[in-house]
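Hi,

Here is the structure I said I would pass on. Have a look at it first, and my notes follow below.

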Amino acid sequence: RGALASAREGHVWHPKPFPGVLQVDPGVAWHPLTLNEVQLPPVEQAGEMFEKVHAFLASSGVDGVKVDGQATLTMLGSDAGGSAALTRGFVHALEGSVEKHFGGAQCINCMCHPL
């Protein structure tokens, strides 16, 4: 199975921007991410996804990762017990895998603002 097999077999999420974000930036309502869907593994399987990707990267000589767009997770939580629970699960899985495969401070988190 490929490194992202668990993501391909994952849950289809429908992003929902927060009303406050839409108030500040109404264009988010027409952002491709908002109009479409995102496929990710269930939060319980996020660790497996990160482990596979990071193991492959580390075995290829990569010594750290930069992860963009994590704030998008905040738009996906309504179907998973809330945005805080979903985001916490994915970020903890990410950071645990980074610690295991690259050592502690080898991850640049780029959160931006939620869409």
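Let me start with Thr-87, which lies in helix H5; helices here are DSSP runs of H or I with at least four residues, strands are runs of E with at least two, and both are numbered from the N terminus. At 14% relative accessibility, Thr-87 counts as buried. On the cut-offs: buried is under 20% relative accessible area, exposed is over 50%, and partly exposed is in between, with a 1.4 Å probe and protein chains only. Not counting residues up to four places away in sequence, Thr-87 touches Leu-73 and Thr-74, where a contact means heavy atoms within 4.5 Å.

Before you go further, please keep in mind that this is a predicted model, in which local features need pLDDT of at least 70 and side-chain atom pairs count only at pLDDT 80 or more, while totals for chains, interfaces and linings use all residues. Residues are numbered from 1 along each chain as its sequence is written, and side-chain values use heavy atoms, with hydrogens and water left out.

The overall picture

There are 5 helices and 4 strands, and along the sequence they come in the order α-β-α-α-β-α-β-α-β. The protein has 115 residues, of which 33% count as buried. If you take the contacts between residues at least 6 apart in sequence, 77% of them join residues at least 24 apart. The exposed surface comes to about 6500 Å², with carbon and sulfur atoms supplying 60% of it; areas are from the Shrake-Rupley method with a 1.4 Å probe, and for residues only the protein chains shown count as cover.

Helix H4

Which residues of H4 are buried? They are Ala-46, Met-49, Phe-50 and His-54. Seen down the helix axis, these buried residues fall within an arc of 110 degrees, so they line one face of H4; the arc is taken from the directions from the axis to the C-beta atoms. Phe-56 and Ser-59 are exposed on the other side of H4. Just after the helix, Gly-61 takes a positive phi of about 95 degrees.

His-54 is buried, with a relative accessible area of 3%. Leaving aside neighbours within four places in sequence, His-54 is in contact with Val-65, Leu-94, Ser-97, Val-98, His-101 and Phe-102. Phe-56, on the other hand, counts as exposed at 52% relative accessibility. The C-alpha atoms of Phe-56 and His-101 are separated by 9.5 Å, and the two residues are 45 apart along the chain.

Salt bridges

How many salt bridges does the structure hold? There are 3, with a salt bridge being a side-chain nitrogen of Lys or Arg within 4 Å of a carboxyl oxygen of Asp or Glu.

- Lys-52 and Glu-48 meet at 3.0 Å, N to O. They are 4 residues apart in helix H4, which means that about one helical turn separates them. Lys-52 is partly exposed at 25%, and Glu-48 is partly exposed at 36%.
- Lys-100 and Glu-51 meet at 3.1 Å, N to O. This pair links distant parts of the chain, with Lys-100 in helix H5 (residues 83–102) and Glu-51 in helix H4, 49 residues apart. Lys-100 counts as exposed at 59% relative accessibility, while Glu-51 is partly exposed at 25%.
- Lys-66 and Asp-68 meet at 2.9 Å, N to O. Asp-68 is partly exposed, with a relative accessible area of 49%.

Strand S3

That last pair takes us to strand S3 (residues 65–68), where Lys-66 and Asp-68 are on the uncovered face and Val-65 and Val-67 on the covered one. S3 runs parallel to strand S4 (residues 107–110), and 4 bridges join the two; strands pair if DSSP finds at least two bridges between them. The bridge partner of Val-67 in S4 is Asn-109. Val-65, on the covered face of S3, also turns up among the contacts of His-54.

Cheers
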